[in-house]
Amino acid sequence: MPAGERGLRPELNNSPHQRRAPGRSFLTGRRALCAGLALLALLLAGLFVWRQPLRAWLVNLSGEKDLLPQLKALGDVSAGLLRPAVQTADLTPVQFAGVNPFGANVFLEQEVEPEKRELAVKLAADAGFHWLRQEFPWEDIEISGKGDFWDHKFDHSAWDKYDHIVTLAEKYHLELIVRLSNPPAWTRRGGNATGTYAPPDNFADYGDFVAIVVSRYQGRVRFYQLWNEPNIYPEWGERPVNPEEYAELLKVGATRARTADPNVVIILGALASTIELTPTPPYGLNDLVYLQRLYDAGAAPYFDILAMQGYGLWSGPTDRRMHPRVINFSRPRFVRDLMVRNGDAAKPIWISEMNWNAVPDDIPDKRFGQVSEGEQAQNIVLAYQRLQAEWPWLGVANVWYLKRATDQWEQERKPEAYFRLLTPDFRPLPAYDALATYTARPPQLGRGFHQEDHWALTYEGNWQTISDRLAVLGQYRRSVEADASLRFTVDGRQVTLIMPPGGTAHPQASVDGRPIALQPDRADPARLSFRVPTGTHQVLLAGAFAIDGLIIE
């Protein structure tokens with residue numbers, strides 16, 4: 001008997017079961033090992049059979065194209081589950097969110113020949129863009145001194161080309177997002193010594209310029225962005241960024257703009273996504289920290305739309321990792337969370353600049369990441385698909401950029417050159433062609449709350465827009481004919497129609513041509529719901545009825 005068994009009770013020492021127990025344990029362990037190996041073999045076989053769906057799922061989760069980064073992203077996402085969930089308030093009504101999302105940044109003021117300026121606008125329209133984000137540089141309009149709007153170098157009005165840009169936008173049925181920034185040197189005592197982008201010494205000078213521009217284009221331009229990237233160097237000059245100073249500048253500019261045109265819409269200076277916290281050059285401040293300080297400084301009443309940059313950098317648009325110190329395409333969700341926590345959920349986010357960098361291999365500067373031209377084209381389309389399907393609080397996303405007037409950036413071997421959709425000689429690149437194809441598709445409603453004026457809704461017949469302070473965001477739409485209809489494409493499982501105050505008439509509804517019954521909500525009879533199968537479906541509402549919004553779940 002082995003020494004280890006001495007001292008056991010005699011009845012256990014003499015038990016036949018006890019004597020066989022070691023062999024049984026060995027067999028049991030071997031069987032468990034075999035079962036584990038068999039299970040692992042089945043798992044590996046399953047992964048092999050389902051490797052393509054699995055890889056597609058990982059791409060959709062991580063935005064990464066290679067397996068190792070995908071597996072790392074899987075771990076990152078798992079770790080992110082331990083952090084508090086962001087609050088995006090997807091069912092909150094948001095003004096200026098249900099607009100056509102397709103926008104492009106343009107440099108039309110740099111096109112010397114008016115014919116080239118028009119060709120650029122035409123190609124933007126041909127690609128399906130609705131918005132042109134165009135800077136009206138203060139230094140290029142009020143050039144030499146206060147109240148001087150004459151270009152003395154070329155002896156003509158400094159307004160000429162900007163008047164032409166506004167006219168071209170109207171001709172091709174596009175809307176302008178006008179960015180007002182870049183003060184002239186005369187606005188600062190030290191001229192450009194403190195930086196060509198530094199704010200003016202007297203904020204009232206900026207207010208005067210804003211008022212003049214808004215007054216000149218009243219009824220023709222409605223959306224103005226006041227400043228750009230005030231949270232990073234060098235956009236606030238050769239000095240530390242200052243949220244409180246920008247909040248005061250914003251207040252002055254917005255107040256003067258709204259006095260000049262009560263219908264104007266003010267866009268916050270686009271925040272650059274950054275994790276910087278540097279008090280010394282290069283100055284920069286984390287966008288989330290900067291935004292909170294703006295709220296603390298009382299800036300909320302002075303902007304209608306929050307703007308931010310939306311670059312994907314090193315991962316694709318489906319990257320769902322959420323970490324405040326990681327910059328990826330999901331960052332708008334952090335910004336939205338901060339807006340919700342500050343009671344600003346009724347405002348939308350617009351992306352001022354969005355793209356992936358198709359920099360060639362022979363250019364060493366890869367600071368913006370690197371994709372092929374084909375991947376760039378694919379990513380831009382996927383980005384628009386995601387923001388329309390998942391982010392009902394996000395309105396316009398402006399691609400950076402349509403084209404430059406010259407090849408200076410290419411000659412200087414700058415990676416910035418390779419965000420373009422068109423070469424300087426107007427040659428379309430794959431991203432341009434991909435967008436032209438995608439924007440031609442019928443729009444559809446993703447999940448969330450959508451206003452009755454959402455761009456994806458098609459009204460047929462005679463409809464009226466009714467102002468009512470009890471309605472959601474103050475308005476609703478009402479048909480005045482029995483044969484009027486409302487059509488839309490939906491991707492969801494349930495559709496809820498929000499009827500206006502006092503609305504009792506119910507429409508006839510059909511999905512993919514098949515009639516369906518609308519079910520009133522027991523707690524709120526003004527809400528009518530119906531279920532739809534998984535996937536994309538065509539909805540038709542017909543008859544004399546009114547509508548105040550929709551919820552897709």
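Strands are DSSP runs of at least two residues, numbered from the N terminus. On that count, strand 2 gives the most to the lining of the largest pocket, with three residues. The model described here is predicted.

**The largest pocket**

- The volume of the largest pocket is about 1500 Å³.
- Its lining has 45 residues, and the closest to the centre are E229, E235, W400, W409 and E416.
- Several elements each supply at least two lining residues: strand 1 (102-106), strand 2 (131-135), strand 10 (306-309), helix 10 (331-341) and helix 12 (408-411).
- By type, the lining of the largest pocket holds 19 nonpolar, twelve polar and 14 charged residues.

**Cavities**

- Rolling a probe the size of a water molecule over the atoms shows where empty space is left.
- In this structure there are four cavities of 30 Å³ or more.
- The largest cavity has a volume of about 180 Å³.
- Its lining counts 20 residues, and A97, G98, L394, H450 and H454 lie nearest the centre.
- Helix 11 (373-390), strand 12 (394-399) and strand 13 (448-450) are the elements that give two or more residues to this lining.
- Twelve residues of the lining of the largest cavity are nonpolar, eight are polar and none is charged.
- The second largest cavity has a volume of about 50 Å³.
- A358, E373, Q376, Y418, R420 and L429 line the second largest cavity.
- That lining divides into three nonpolar residues, one polar and two charged.

**Helix 6**

- Helix 6 runs over residues 160-171 and has twelve residues.
- At 1.5 Å a residue, helix 6 should span 16 Å, and its end C-alpha atoms are 16 Å apart, so the two values agree.
- Y162, I165, V166, L168 and A169 are buried in helix 6.
- An α-helix has 3.6 residues a turn, so residues three or four places apart point the same way.

- Strand 15 and strand 16 (residues 475-479) run antiparallel and are joined by five bridges.
- I466 stands opposite Y476 in strand 16.
- Strand 16 and strand 24 also run antiparallel, joined by two bridges.
- R478 has A546 of strand 24 as its bridge partner.

- Strand 17 (residues 485-491) runs antiparallel to strand 23, with seven bridges joining the two.
- S485 stands opposite A542 of strand 23.
- Strand 19 (residues 508-511) pairs with strand 23 over four bridges, in the antiparallel sense.
- Q508 stands opposite A542 in strand 23.

How values were computed. Residues are numbered from 1 along each chain as its sequence is written. This is a predicted model: local features need pLDDT of at least 70, side-chain atom pairs count only at pLDDT 80 or more; totals for chains, interfaces and linings use all residues. Side-chain values use heavy atoms; hydrogens and water are left out. On a 1 Å grid over the protein atoms alone, a cavity is a set of points where a 1.4 Å probe fits but cannot get out, and a pocket is an open set with protein on both sides within 12 Å along at least five of seven lines; lining residues have an atom within 4 Å of a point. Grid points are joined across faces, edges and corners, and a volume is the space filled by probe spheres set on the points. Ala, Val, Leu, Ile, Met, Phe, Trp, Tyr, Cys and Pro count as nonpolar, Asp, Glu, Lys and Arg as charged, and the others, Gly among them, as polar. Two strands pair if DSSP finds at least two bridges between them. The expected span of a helix is 1.5 Å times one less than its number of residues. Buried means under 20% relative accessible area, exposed over 50%, partly exposed in between (1.4 Å probe, protein chains only).
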